[in-house]
Amino acid sequence: MTWVPGVEAGHPYGVHNLPYGAVSTGAGDPRLVVRIGDVALDLAGACARLAPDLAPLVSGPVLNPLLAAPASTWRRLREAVRTWLTDESVRPVVEPLLAPIGRTHLPFAVGDYVDFYASAHHASAIGRIFRPDSPALPENWKHLPIGYHGRSGTVVVSGTPIARPHGQRRVAGGTVEFGPSLRLDIEAEVGFVVGGGTRLGEPVALAGAAEHIFGVCLVNDWSARDLQAWEYVPLGPFLGKSFATSVSPWVVPLEAFDNARTAPPPRDVPLMSYLDDAALPPWGLDIALEIELNGTVITRPPFPSMYWTAAQMLAHMTVNGATVRPGDLFASGTVSGPEPDQAGSLMELSQAGRSPFALPGGVTRSFLEDGDEVVIRGRVPAAGDRPELGLGEVTGVVVAKPALQ
């Protein structure tokens, strides 16, 4: 138990969680904090008083210096913060450093961004929509985690308005025209923040994933489906994806998920040795998501159903010798379950617009309209002695973008 007022046993942001973020008040610069309950601990201030050697790693506005440190340092800092928030003897030092959360910012400077396609349910649903006369999954899908390189410069913190993208699209009759996307969609995903850089040519093995995955956040990888459909052959996503990727403001340390590991679904295709995790502890995570559109929950995707794990994604991403750097981000791809109310995208939920879904007041949607607000929440549900673990939320409102001349 913590001595922090208002944080009772079982609070989703208790000392079992302790996510990192960057916040500011008024016109002040962002500062790094750890969330406890509904308040934030000033990390630089606490370290300056209680762990001076760690202070330089958390004195700036982003986590990157800490991410560049060894994973043993991450764990040491987390254990120190847990002690500070539970030991009454240091309360007089620490309590003045607690403050309301204030405005949140992107807590790390994004290096490279990679997006995967790790849900068999999502990939199959999209395959049936786009390729009704072909197998739902591509031939390679169960052999390797499919992914693509995104655009780190358009990764934005939750709450940033999302301007409707413009681009080329093919319309009825086969005509190609330029204009705003008419099929703006969401993708509910889980993101992984990377630390501990590697050298060129040095892959990260499955067993070493925990030395490089610092923590977990929520991701909405906004998608312009009409732009994507016209451009993606043969090189894959480009303008239909690169305009915005929203992330939640809290990075939950990987250690917080120690008692929330789950076995991934059974694999029915033998895996190459560098992806074979049968003899390793499970890397699935018991995360429950929910998607809210304009105040109504429309779907609840389950993360335990993901076919590929974060460790496998990182191993595949680096097996060719590609480097990782502190602040890199990779995301799971759309999280979808087997049931219709577990879809992680509007493309699935509306069957590409053929079956619009209902909202209160007689309103229907297939894709997003200007003014729509999307909220994606995540949590590890309480189970037995395990308290609920909060991941926060990632939000965004669609706004019209002025037409290009």
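**Sheet, helix packing and cavity in the predicted model**

In this predicted model, five strands form an open sheet in the order S4-S3-S2-S1-S5, and their pairing is antiparallel. Strand S4 (98-100) and strand S5 (103-105) are the edge strands, each of which pairs on one side only. From one strand to the next, the twist averages 50°. Strand S3 (residues 39-42) and S4 run antiparallel and are joined by three bridges; in this pair, Val-39 stands opposite Pro-100 in S4.

Helix H5 (residues 120-130) is mostly covered, with eight of its eleven residues buried. The buried residues of H5 are Ala-120, His-122, Ala-123, Ser-124, Ala-125, Ile-126, Gly-127 and Ile-129. Helix H6 (225-231) and helix H9 (346-349) are included in what covers these residues.

The structure holds one cavity of 30 Å³ or more. The volume of the largest cavity is about 60 Å³. Its lining consists of Phe-192, Pro-264, Trp-283, Gly-284, Leu-285, Phe-303, Pro-304, Met-306, Trp-308, Thr-309 and Ala-310. Nine of the lining residues are nonpolar and two are polar, while no charged residue is present in the lining.

Terms used
Residues numbered from 1 in each chain as written. Predicted model: local features only at pLDDT ≥ 70, side-chain atom pairs only at ≥ 80, totals over all residues. Heavy atoms only, no water. 1 Å grid on protein atoms, 1.4 Å probe; cavity = no way out; pocket = protein on both sides within 12 Å on 5 of 7 lines; lining within 4 Å. Points joined across faces, edges and corners; volume = space filled by probe spheres on them. Nonpolar A, V, L, I, M, F, W, Y, C, P; charged D, E, K, R; others polar. Buried < 20%, exposed > 50% of the residue type's maximum accessible area, 1.4 Å probe, protein only. Helix = DSSP H or I, 4+ residues; strand = E, 2+ residues; numbered from the N terminus. Contact = heavy atoms within 4.5 Å. Pairing = 2+ DSSP bridges. Axes fitted to C-alpha atoms, helices over the stretch in contact; angles between N-to-C directions.
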